[in-house]
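I opened the model to look up its charged side-chain pairs.

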Amino acid sequence: MATTDGTGTTRGAATRARILAATAGLLSAGAAGDAAGASTARHAVTVSEIARAAGVYPNQITHHYGSKDRLVLDAAFALFLRDTTRLQAAGRRAGSADAFRQVLARTALAMPSTLLVVRALAAAGDDDAQRERVRLLLAVLFRQSERYLERVVAEHGWTSPSGVGRDSRTFWSAVFGATLLADAGVTGGPSDLDLAGTVSIR
């Protein structure tokens, strides 16, 4: 028997999850095309495509997420936060603080979801609701990253002169900036930046 909560029925929650998963799948496919240099690179997913993939009507997307931009933002961050768990696993295998910083930088730039998040952030524009959502999602990212760095520092007996909170914010800001420049085709991309140097862990 279906139960209800403050956001509606469990059927509604299942539909919402299906829409999010379908959008994430479409974004992943698009990111793979970008990485391969496919002709479909930069193809923006449409509401119709999402509805078909999720097996819902287009108006259900608006009902559950308000706008396509909000949905794409949520789906991109879902993929991104999933990938950061892989980044954390790679970091744990590093034998020194220097190797740890290098692994973080390389892995973060190599994650296809990093570009997806950067593009979703750029689409937020002047929409107040989108900006508030961005603040919330970034707060989740920074909080998770800070807790991770705290554990790593404690486990290895390392230090963070700048503080793990500042390290996490500076690192992700640099990663997003480098990714944005590379996506815009600006000469001198991520390979020219010392992203590992934005983390003060020693």
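**Ground rules.** I am working on a predicted model, where local features need pLDDT of at least 70, side-chain atom pairs count only at pLDDT 80 or more, and totals for chains, interfaces and linings use all residues. Residues are numbered from 1 along each chain as its sequence is written, and side-chain values use heavy atoms, with hydrogens and water left out.

**Salt bridges, count.** I took a salt bridge as a side-chain nitrogen of Lys or Arg within 4 Å of a carboxyl oxygen of Asp or Glu. That rule gives nine salt bridges.

**Arg 119 and Asp 183.** I found these two side chains in a salt bridge, N to O 2.8 Å. The pair links distant parts of the chain, 64 residues apart: Arg 119 sits in helix α6 (residues 112-122), Asp 183 in helix α8 (residues 164-183). Helices here are DSSP runs of H or I, at least four residues, numbered from the N terminus. The scale calls a residue buried under 20% relative accessible area, exposed over 50%, and partly exposed in between (1.4 Å probe, protein chains only).

**Glu 132 and Arg 135.** Glu 132 is partly exposed at 44%, and Arg 135 is partly exposed at 49%.

**Glu 146 and Arg 169.** I logged this salt bridge at 3.8 Å between the closest N and O atoms. It joins distant parts of the chain, with Glu 146 in α7 and Arg 169 in α8, 23 residues apart. Glu 146 is partly exposed at 25%. Arg 169 is partly exposed too, at 37%.

**Network.** I also noted that Arg 70, Asp 74 and Arg 133 are joined into one network by salt bridges that share partners.

**Packing of α6 on α8.** At what angle do α6 and α8 pack? I read about 85°, with the axes 9 Å apart. Axes are lines fitted to C-alpha atoms over the stretch in contact, and angles run from 0 to 180 degrees between N-to-C directions. So α6 is roughly perpendicular to α8, a label covering 65 to 115 degrees (under 35 is roughly parallel, over 145 roughly antiparallel, the rest oblique).

**Contact residues.** I listed contacts as heavy atoms within 4.5 Å. Among those in α6 are Leu 115, Val 118 and Arg 119; α8 contributes residues including Phe 176, Leu 180 and Asp 183.

Note on methods: Helix = DSSP H or I, 4+ residues; strand = E, 2+ residues; numbered from the N terminus.
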